[in-house]
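Please look over the model below before our next discussion. My notes follow as numbered points.

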Amino acid sequence: MSRALRALAAAAGLLACAGAWAQASPLGVVAQTSGGTTTYSVPVQTLLVFGALSFLPAVLLLMTSFTRLIIVLSLLRQALGLQSTPPNQVLVGLALFLTFFVMGPTMEKIYNEALLPYNEQKLGFEEAVARGSEPLKAFMVKQTRAGDLALFQRIANQPAAPAAETPLRILVPAFVTSELKTAFQIGFLVFIPFIVIDLIVASVLMSMGMMMLSPVLIALPFKLMLFVLADGWNLLIGSLVGSFGVVP
């Protein structure tokens, strides 16, 4: 009860401070229209930027290479028969840094073509957003299958159009669907050698009458040995990064 009262008191204090700040320094919403374009005042632009930051996790998860990377890494852990090794934090961290590596050229284009001119006041806010979305859209178009794109165009009752002219509301779900399909295909290939080891170990144990032994436990060291001897991390990460066709 005391914690709840403290929380209510803190919330009331914040509201009171916010009300006093609003009365002392009102936020002016200034919109100037000239030549068909609307320019917002700096406080409004700041609010829009902070509002857009709330969508940053969704952009990172669904509009970059992160989805494919984290799914394949998770499937690799399951194929090895490991429940919590490497831990989730390690897999997510590795997927994040690989995402930054793969998306490096795209992010560099966004910085040079949109963010830098906007900071130098050479572009308006809306034009900077439009320019900044083009490199990201080009990356997603390159990774999206034509069949997935046609599916969402049909669902949205949109006429068939080139991928480069497709709006983001159709391109993003098509891109995510293609990434899921590609990740599962790579995961299937990762599973095959480890399934063979499981079958061999299970057959040997059955032929020796050791039915009480767990084949998963016996096969685990052989899987790890095969993965290490084949330099599995090098092969997997190299294949994953190369599957995007992007040269950082």
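1. The accessible surface of the chain comes to about 15,700 Å². Carbon and sulfur atoms account for 71% of that area. Keep in mind that this is a predicted model. Of the 248 residues in the chain, 29% count as buried.

2. The chain has 11 helices and two strands. Reading from the N terminus, the order is α-β-β-α-α-α-α-α-α-α-α-α-α. Take the contacts between residues at least 6 apart in sequence: 67% of these join residues at least 24 apart.

3. Next, the core. The largest nonpolar core holds 37 residues. Which of its residues touch the most other members? They are Leu76, Phe139, Met140, Val190, Phe194 and Leu236. The elements that give two or more residues to this core are helix H4 (66-80), helix H5 (88-102), helix H7 (125-143), H9 and H11. As background, nonpolar side chains in soluble globular proteins tend to be buried together.

4. Now the second largest pocket. Its volume is about 310 Å³. The pocket is lined by 14 residues, and the closest to its centre are Leu189, Val190, Gly232, Leu235 and Leu236. Helix H9 (168-207), helix H10 (215-229) and helix H11 (232-242) each give two or more residues to the lining. The lining divides into 12 nonpolar residues, two polar and no charged.

5. Val190 deserves a look. Val190 is listed among the core residues that touch the most other members, and also among the lining residues closest to the centre of the second largest pocket. Leaving out residues up to four places away in sequence, Val190 touches Leu76, Ala79 and Leu236.

6. Is Trp233 buried, partly exposed or exposed? Trp233 is partly exposed, because its relative accessible area is 36%, between the cut-offs of 20% and 50%. This tryptophan is found in helix H11. Its contacts, not counting residues up to four places away in sequence, are Leu73, Leu76, Pro86, Leu94, Phe227 and Gly238. Leu76 is also one of the core residues that touch the most other members.

7. Gln153 lies in helix H8 (residues 146-155). Why does Gln153 count as buried? Its relative accessibility is 6%, and buried means under 20%. Beyond residues up to four places away in sequence, Gln153 touches Gln158, Pro159, Ala160, Ala161, Thr166 and Ile170.

Methods. Residues numbered from 1 in each chain as written. Predicted model: local features only at pLDDT ≥ 70, side-chain atom pairs only at ≥ 80, totals over all residues. Heavy atoms only, no water. 1 Å grid on protein atoms, 1.4 Å probe; cavity = no way out; pocket = protein on both sides within 12 Å on 5 of 7 lines; lining within 4 Å. Points joined across faces, edges and corners; volume = space filled by probe spheres on them. Helix = DSSP H or I, 4+ residues; strand = E, 2+ residues; numbered from the N terminus. Nonpolar A, V, L, I, M, F, W, Y, C, P; charged D, E, K, R; others polar. Core = buried A, V, L, I, M, F, W, Y, C linked by side-chain atoms within 4.5 Å. Buried < 20%, exposed > 50% of the residue type's maximum accessible area, 1.4 Å probe, protein only. Contact = heavy atoms within 4.5 Å. Areas by Shrake-Rupley, 256 points an atom, 1.4 Å probe, with all protein chains shown as cover.
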